[in-house]
Amino acid sequence: MDTLGFLNDHVATVAPKLLGCILEREIDGHILRGRIIEVEAYDQTDAASHSYRGKTERTAVMFGQAGHLYVYFTYGMHYCCNVVVGEEGYGAAVLIRAVEPLEGEDIMLENRNGRGGTELTNGPAKVCQAFGIDKRLNGHDLRQAPLRLILSDPVPISRIVPTPRIGISQAKDTLWRFIEK
């Protein structure tokens with residue numbers, strides 16, 4: 001049974017359901033785990049989305065099967081990761097903006113060059129750096145090691161706050177950023 005079947009739904013429906021899910025990374029025999037606490041949704045109808053102008057070599061993963069990882073490089077220095085969602089052929093993904101570290105914090109801290117505390121995983125590039133996520137994981141199936149998305153109890157709707165997305169210049173007022181209170 002595909003426990004990630006919920007990812008086949010519309011991006012704005014899936015995004016808040018990712019809150020509370022666990023990101024699990026295996027690195028050199030160590031397990032890192034973080035609970036997703038902030039996400040942003042993007043799809044091909046959205047001017048802020050990488051898929052807005054259609055399928056390209058860079059965005060092909062976004063148009064693929066739900067449950068795969070879309071990794072991109074930004075500002076010439078940072079990786080960001082997204083969970084591909086929706087129907088195959090439709091470009092949609094959810095950016096993982098922040099996680100709450102649960103296990104392997106010492107390795108995350110090492111990967112972040114000692115930048116810890118509240119700064120450890122409170123941004124999309126910080127999540128990727130802490131979890132050792134880079135372009136090599138672009139297209140990775142999140143049902144398999146070394147990086148898995150694990151379902152957990154859903155966050156109650158009363159604890160989810162939709163807000164405008166940040167760090168974009170297009171479609172800034174769309175309430176597709178979801179944060180757990």
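A nonpolar surface patch joins nonpolar side chains (Val, Leu, Ile, Met, Phe, Trp, Tyr) within 5 Å, from residues with over 30% relative accessible area and no salt bridge.

**Entry one: the surface.** I noted at the start that this is a predicted model. I then looked up which residues make a nonpolar patch, and I found F73, Y75 and M77, with about 400 Å² between them. Y75 is in the loop between β3 (69-74) and β4 (78-84). Is Y75 buried or exposed? Its relative accessibility is 67%, so I wrote down "exposed", the cut-off being over 50%.

**Entry two: the inside.** I remembered from class that nonpolar side chains in soluble globular proteins tend to be buried together. Here I looked up the largest nonpolar core and found 40 residues in it. L7, L18, V39, F131, I133 and L149 have the most contacts inside this core. Apart from it there is another core, of eleven residues, including A48, Y70, C80 and A93.

Next I turned to D134, in the loop between α3 (124-131) and β6 (147-150). D134 has a relative accessible area of 16%, so I put it down as buried, since buried means under 20%. With residues up to four places away in sequence left out, D134 touches V71 and Y79. What does the side chain of D134 make a polar contact with? I found the side chain of R136, at 2.5 Å.

Methods
Residues are numbered from 1 along each chain as its sequence is written. This is a predicted model: local features need pLDDT of at least 70, side-chain atom pairs count only at pLDDT 80 or more; totals for chains, interfaces and linings use all residues. Side-chain values use heavy atoms; hydrogens and water are left out. A nonpolar core is a set of buried Ala, Val, Leu, Ile, Met, Phe, Trp, Tyr and Cys residues joined through side-chain atoms within 4.5 Å. Buried means under 20% relative accessible area, exposed over 50%, partly exposed in between (1.4 Å probe, protein chains only). Helices (H or I, at least four residues) and strands (E, at least two) are DSSP runs, numbered from the N terminus. A polar contact is a pair of N or O atoms within 3.5 Å; within protein, one must be able to donate a hydrogen and the other to accept it, and residues adjacent in sequence count only if both atoms are side-chain atoms. Contact means heavy atoms within 4.5 Å. Patches are made of residues with over 30% relative accessible area and no salt bridge: like charges are joined within 9 Å, nonpolar side chains (Val, Leu, Ile, Met, Phe, Trp, Tyr) within 5 Å. Accessible areas come from the Shrake-Rupley method with a 1.4 Å probe; for residues, only the protein chains shown count as cover. A salt bridge is a side-chain nitrogen of Lys or Arg within 4 Å of a carboxyl oxygen of Asp or Glu.
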